[in-house]
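Here is a friendly briefing to read alongside your model.

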Amino acid sequence: MGAVGYLYRRIFCNRVKTALRRPVTYVYILLVLFYFTALPMSLRMVVEEMEADTPEEMITVLTVLAFWVIPANLIAYAKRKGLLYRNSDVQFLFPAPVSPRKVLLYAHLKTLVGQILLNSFAIVCGALLFHVEAWRLAVYFLFSMILENLLEGSIMILIYGSERMEEKQRSLVVKAVYGLVGILVLMGVWTWLREGLSMKTVADYLHSDMVQMVPLIGWYIAALHLMFTGATAVNIAGTCCYLVLLILAVTAARRMKCEGSFYEDAMKFAGDYEEVVRSRKQGDSQKRLGKGQKFGKASVNWRGDGARALFYRQLLEYKKSRYFIFDMGTVTALLGGIGIAWFYSREGGFGSLNAFTPFIIPAISSYLIFVFTAVNGKWAKELRSPYTYMIPDTVFRKLLNATAMHHVQSFVNGCLITIPGAVATGMTPVTTVLCIVFYTVLSANKLYALAVAEAVCGNTLGTMGKQFLQMLIQGTAIGMAILGGILGMAVGGVLAAYLLMDFFLVMYTLIFMVTAALNFYNMEVA
């Protein structure tokens, strides 16, 4: 790789040296070691309880990942996105007398450390959870690090770096990838209609011969079957197709003309990426990579005084948005509610979880809020505005008015995820209202938990460290809500359980809110 290899080594070494001087690095190392060891060990009993501790189940996990990763990478390459060049790369590497083909490989090379970590984690899980033989894991590691990278790098050069491929042809590649995904979906639907909905049906589908015959995605899955479970006619044929594709892709990538026509798109993507990184550091989660924000005309009738101005400013921000208070969180909540209702109606219950039917909706709500929802929304802009701290009002009213629209949005999402499932499962109106309150308060809890993390550690642990601490803090609140639910069921049934869950959650949220207000005050007088 010459100069590109030297640049990669120097950047990597310099980043390691810089990281080792920062105390937060050792916290991250401990967290990584914890997840590498504690997570597989904690999952081991669960996997054994489900009788899923076999090599076939490891193939299941890797197959699901392949369904997501392979199409996403192909689409990104066809749209000339997905390769991350920082502004320093653009300014230093693009003007250098280096082959554009090597510039592309440099971007792919930057993912190597992450691949090593992920594949190492897969090997640890394979040995501890799925009892895969050591030599098979070694073969898988070499396959992933060598053959997979050769094929992906070659396809990246052929699609991303092509001089001849026009926009129309790139759109055809995207449609072809969606076509492969559509074939897999139709296969899944056909299996479901033939065998019914069950875990066995899902396993049969993921391990079926027809999936292994789908070009590229299926051929990769066939290679996994050959490595982990032994040879069959189908997985040998699929693996041979994979190897033939690899040879053809590498040969074509070496011979293809590549003179840097992708530089302009790469520079634009690099600029967009830097802008998104800056906005994330400022707490703005609305901006998306490669997509400009669209705003409409909006106006509000201003009423009140003092901190009330923050509420109307937030209302104006939401009205300028294309869909007002509705976003991907709303879509997720609606799909979750419909999914709960459909599953319960079709299967006549939740199977082995029927005893916990009244708490299925809060459990799914907790998962969606805890893992997927953004921590900061539009209200985070108020923290960066100087006029916020000049308003003659109490910090508590400022915080309440700045986050009021966020709570309204959470209430609407709570209704969408709760009402369909509540109707299907026959929940009482009072329980339904308490379930909506649970969703709304838990969303507020996540909002204020980050403020607690901010007050505790400041900038000592960085953005990621604060998010880990925030998850720990909110996890404590969720744990107390679960304890309240258990006590309520023991004392007075479902209604008492909901009342105690909401009570504990509200108490913790109020504590977090007061802490957030104090932090707001410290920022104001700083």
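**Briefing**

Ser-208 counts as buried, at 14% relative accessibility (buried means under 20% relative accessible area, exposed over 50%, and partly exposed in between, with a 1.4 Å probe and protein chains only). This is a predicted model, in which local features need pLDDT of at least 70 and side-chain atom pairs count only at pLDDT 80 or more, while totals for chains, interfaces and linings use all residues. Residues are numbered from 1 along each chain as its sequence is written, and side-chain values use heavy atoms, with hydrogens and water left out.

**The chain as a whole**

- The protein chain has 22 helices and zero strands; both are DSSP runs numbered from the N terminus, helices being H or I with at least four residues and strands E with at least two.
- Of its 526 residues, 42% count as buried.
- Among contacts in the protein chain with a separation of 6 or more, 75% come from residues 24 or more positions apart; contact means heavy atoms within 4.5 Å.

**Helix α11 and helix α7**

- Helix α7 (residues 134-160) and helix α11 (residues 217-229) have axes that come within 9 Å and cross at roughly 155 degrees. Axes are lines fitted to C-alpha atoms, for helices over the stretch in contact, and angles run from 0 to 180 degrees between N-to-C directions.
- The two helices are therefore roughly antiparallel to each other. In this scheme, angles under 35 degrees count as roughly parallel, over 145 as roughly antiparallel, 65 to 115 as roughly perpendicular and the rest as oblique.
- The crossing of α7 and α11 is right-handed; that is the term if the near helix is turned clockwise from the far one by less than a right angle, and left-handed is the term if anticlockwise.
- From α7, the contact uses Arg-136, Leu-137, Val-139, Tyr-140, Phe-143 and Glu-148, and from α11 it uses Tyr-220, Ala-223, Leu-224, Leu-226, Met-227, Phe-228 and Thr-229.
- By class, the residues of this contact are ten nonpolar, one polar and two charged. Ala, Val, Leu, Ile, Met, Phe, Trp, Tyr, Cys and Pro count as nonpolar, Asp, Glu, Lys and Arg as charged, and the others, Gly among them, as polar.

**Helix α11 and helix α3**

- The axes of helix α3 (residues 55-78) and α11 come within 10 Å, crossing at roughly 160 degrees. This angle makes α3 roughly antiparallel to α11.
- The crossing of α3 and α11 is right-handed.
- On the α3 side, the residues in contact include Met-58, Ile-59, Leu-62 and Phe-67, and on the α11 side they include Ile-217, Ile-221, Leu-224 and Phe-228.
- The contact of α3 with α11 has 13 nonpolar, three polar and one charged residues.

**Helix α11 and helix α12**

- Helix α12 (residues 233-255) packs against α11 at an angle of about 125 degrees, with the axes 7 Å apart. That makes α11 oblique to α12.
- The crossing of α11 and α12 is left-handed.
- Among the residues that meet here are Trp-219, Tyr-220 and Ala-222 in α11, and Ile-236, Cys-241 and Tyr-242 in α12.
- The contact of α11 with α12 has nine nonpolar, four polar and no charged residues.

**Loop residues**

- Ser-208 sits in the loop between α9 (199-206) and α10. Its C-alpha is 9.7 Å from that of Thr-191, 17 residues apart in sequence.
- Most residues other than glycine have a negative phi.
- His-131 has a positive phi of about 55 degrees although it is not a glycine. This residue lies in the loop between α6 (112-128) and α7, and is partly exposed at 37% relative accessible area.
- Leu-216 also has a positive phi, near 65 degrees. Leu-216 belongs to the loop between α10 (209-212) and α11, and is buried at 13% relative accessible area.

**A buried alanine**

- Ala-266 is in helix α13 (residues 263-281) and is buried, with a relative accessible area of 0%.
- The C-alpha atoms of Ala-266 and Val-90 are separated by 8.3 Å, although these residues are 176 residues apart along the chain.
- Leaving aside neighbours within four places in sequence, Ala-266 is in contact with Tyr-85, Phe-94 and Tyr-160.

**Cysteines**

- Counting a disulfide as a pair of cysteine sulfur atoms within 2.5 Å, the count comes to zero.
- Cys-13 is partly exposed, with a relative accessible area of 31%, whereas Cys-435 is buried at 2%.
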